[in-house]
Amino acid sequence: MQPRVTSGLVVGGSGTVGAEVVRLLARAGVPTRFTFRHGAERAAALAAETGARAEPLDLADAVATAGAVGDADLIVHCAAVGRFVPLVEVSDADWEQAQAVNSRSAFLLARQVARRGGPAQLILVGALDRAQSLPLPAHFAATQGALTAMTVALAKELGPHVLVNLVALGPLETGISDGLSPRLMEDYRKFSALQRRGTAAEAARAIGWLALENRYMSGKVLAVNGGI
């Protein structure tokens, strides 16, 4: 059985979902650090509100990213970037940034956990589960596919002392979902069982369950998308 969480790290903790995860962990009494890249004032306000420690981090910096793990036995990877543009408008820089932030950083965190040893929990947060076929920008979708594949592989290799799971979110009311076109957002709403977008708090509750309650689920994708 996995022990209770003693130290949390939320990567991308100043973002829409990440901030709600930080708040949830604070309410649960988990000492937490969170990283941010932009929005220092927003990060400082969240730190003052929750008592969590804000740490600047550029996820394109491989050494700094691996070093961020420290002694955390819960790592939640909430960071994501990606312009919602047609393929012909995706630049090489767009591709490299999405790979570095969305997927390579998750790999670096996992590798550092493996080198340090468990017990630990690694929760990845993405936007695609293996059953979906959704119109996403190719460079962004590539990183999401990497996260789903890594989740299975990491759980097998790092078990039984490290739990690895992915939370695949549907469109939310704020955050990166704001980049979706109104037409595409209407399509999502139409094919959603709940006929609405989710909230960051709803996403955080699913992540919080994995972080604080899960002891047996590993290598799985938990779809939290309103029934798309």
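Trainee: Where is the place of Ser-7?
Mentor: Ser-7 sits in the segment before strand 1 (8-11). Strands here are DSSP runs of E with at least two residues, helices are runs of H or I with at least four, and both are numbered from the N terminus. Keep in mind that this is a predicted model, where local features need pLDDT of at least 70 and side-chain atom pairs count only at pLDDT 80 or more, while totals for chains, interfaces and linings use all residues. Residues are numbered from 1 along each chain as its sequence is written, and side-chain values use heavy atoms, with hydrogens and water left out.

Trainee: Is Ser-7 buried or exposed?
Mentor: Buried, because its relative accessibility is 12%. Buried means under 20% relative accessible area, exposed means over 50%, and partly exposed is in between, with a 1.4 Å probe and protein chains only.

Trainee: And what does Ser-7 touch?
Mentor: Not counting residues up to four places away in sequence, Ser-7 touches Val-30, Pro-31, Asp-71, Ala-72, Asp-73 and Leu-74. Contact means heavy atoms within 4.5 Å.

Trainee: New topic. At what angle do helix 1 and helix 2 cross?
Mentor: Helix 1 (residues 16-27) and helix 2 (residues 40-50) cross at roughly 15 degrees, and their axes come within 10 Å. That makes the two helices roughly parallel. Axes are lines fitted to C-alpha atoms, for helices over the stretch in contact, and angles run from 0 to 180 degrees between N-to-C directions. Under 35 degrees counts as roughly parallel, over 145 as roughly antiparallel, 65 to 115 as roughly perpendicular, and the rest as oblique.

Trainee: Which residues meet there?
Mentor: From helix 1, Ala-19, Val-22, Arg-23 and Ala-26; from helix 2, Leu-46, Glu-49 and Thr-50. By class, that contact of helix 1 with helix 2 has 4 nonpolar, 1 polar and 2 charged residues. Ala, Val, Leu, Ile, Met, Phe, Trp, Tyr, Cys and Pro count as nonpolar, Asp, Glu, Lys and Arg as charged, and the others, Gly among them, as polar.

Trainee: What else is Ala-19 in contact with?
Mentor: Leaving aside neighbours within four places in sequence, Ala-19 is in contact with Gly-13, Ser-14 and Leu-46. Ala-19 is buried, with a relative accessible area of 9%.

Trainee: How do helix 4 and helix 5 run relative to each other?
Mentor: Roughly parallel. Their axes come within 9 Å and cross at roughly 10 degrees. The contact includes Trp-95 and Phe-107 of helix 4 and Phe-140 and Met-150 of helix 5. Its residues divide into 13 nonpolar, 6 polar and 1 charged.
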